[in-house]
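Visitor: I would like to learn how to read local features from a model such as this one. Could you take me through them one at a time, with the general idea before the case?

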Amino acid sequence: MNFLTIGHRGVMGVEPENTLRSFVAAQQAGLDVIELDLHLSKDGALVVMHDTEVDRTTDGTGPIAEKTLAELRALDAGRGERIPVFEEVLDAVRAPLQAEIKDVAAARALAEVMEKRDLVSRVEVSSFHDEAIAEIARLVPGVRTALIGSRYGTDIVERAVAAGAGSLCLNIRRLTLEVVEAAREERLRIIGWVVNTQDHLRLVRALELDGATTDYPEIKRTGRFTA
């Protein structure tokens, strides 16, 4: 498989993260996959945002779960962008997506959309939470899943296998050859994050990872030449 470049929340290094503007820019830059984050609004909409609260990325305050979609829509998510719902992203870009879910409830909501719109081939589902991965796998036969790890050891490999994940998305600052070798023994794909410098890129290439999640579109252009 070719080395994959994955746009982190679109291209959050240059555009407001998790907005349609950012996702379109990632597609135009030629990134192979677009990564995004999903939360449920108070009224059950699958909204695209990383944090549990709106404070950091919008002009509002408070938890997403305590706001209706209409209330979330009234916020400025950067440069006049609005918080999108997942279905809008599906329509705005053609690129494959990696959708990160935070809990089992989001898994169930996402499963409904994936079944309705036949997204098994287009959307890979990722999560830090083993139970969310297991739930989406139960609900959507054939779904591709990835377990995310920030602070981890070789136990992350055992967890991925137990949850039925086919990939690992791993913080490169914690990555060791021992973890890579353990993952390869289980035939797991490995994506490194966040890869924003040439040094980071050389590391993931030296470890022969399958791809890199990046905030910047330049990694796509340089990645193919870096060994």
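Visitor: Leaving aside neighbours within four places in sequence, which residues is Asp 55 in contact with?

Guide: Contact means heavy atoms within 4.5 Å, and by that criterion Asp 55 is in contact with Gly 60, Thr 61 and Gly 62 once its neighbours within four places in sequence are left aside. This is a predicted model, in which local features need pLDDT of at least 70 and side-chain atom pairs count only at pLDDT 80 or more, while totals for chains, interfaces and linings use all residues. Residues are numbered from 1 along each chain as its sequence is written, and side-chain values use heavy atoms, with hydrogens and water left out.

Visitor: Where does Asp 55 lie, and which backbone nitrogen lies 2.9 Å from a polar atom of its side chain?

Guide: Asp 55 lies in the loop between β3 and α2 (69-73), where helices (H or I, at least four residues) and strands (E, at least two) are DSSP runs numbered from the N terminus. A polar contact is a pair of N or O atoms within 3.5 Å; within protein, one must be able to donate a hydrogen and the other to accept it, and residues adjacent in sequence count only if both atoms are side-chain atoms. Here the backbone nitrogen is that of Gly 62, 2.9 Å from a polar atom of the Asp 55 side chain.

Visitor: How do I check the span of helix α4?

Guide: The expected span of a helix is 1.5 Å times one less than its number of residues. For α4 (residues 104-117), with 14 residues, this should give 20 Å, and the end C-alpha atoms are 20 Å apart, which agrees.

Visitor: What caps the N-terminal end of α4, and what follows the helix?

Guide: At the N-terminal end the cap is Asp 103, with a side-chain oxygen 3.3 Å from the backbone nitrogen of Ala 105. The helix is followed by Asp 118, whose phi is positive, near 55°, in a residue other than glycine. Asp 118 is exposed, with a relative accessible area of 61%.

Visitor: Which residues of α4 are buried, and what do they pack against?

Guide: An α-helix has 3.6 residues a turn, so residues three or four places apart point the same way. In α4 the buried residues are Ala 106, Ala 107, Ala 109, Leu 110, Ala 111, Val 113 and Met 114. The elements that the buried residues of α4 pack against include β2 (33-40), β4 (97-101) and α5 (130-139).

Visitor: How do α4 and α5 cross?

Guide: Two packed helices are described by the angle between their axes and the distance between the axes. Axes are lines fitted to C-alpha atoms, for helices over the stretch in contact, and angles run from 0 to 180 degrees between N-to-C directions. The axes of α4 and α5 come within 9 Å and cross at roughly 30°, and the two helices are therefore roughly parallel to each other, a term for angles under 35 degrees. Among the residues that meet are Val 104 and Arg 108 in α4, and Glu 131 and Ile 136 in α5.

Notes
Buried means under 20% relative accessible area, exposed over 50%, partly exposed in between (1.4 Å probe, protein chains only). Angles under 35 degrees count as roughly parallel, over 145 as roughly antiparallel, 65 to 115 as roughly perpendicular and the rest as oblique.
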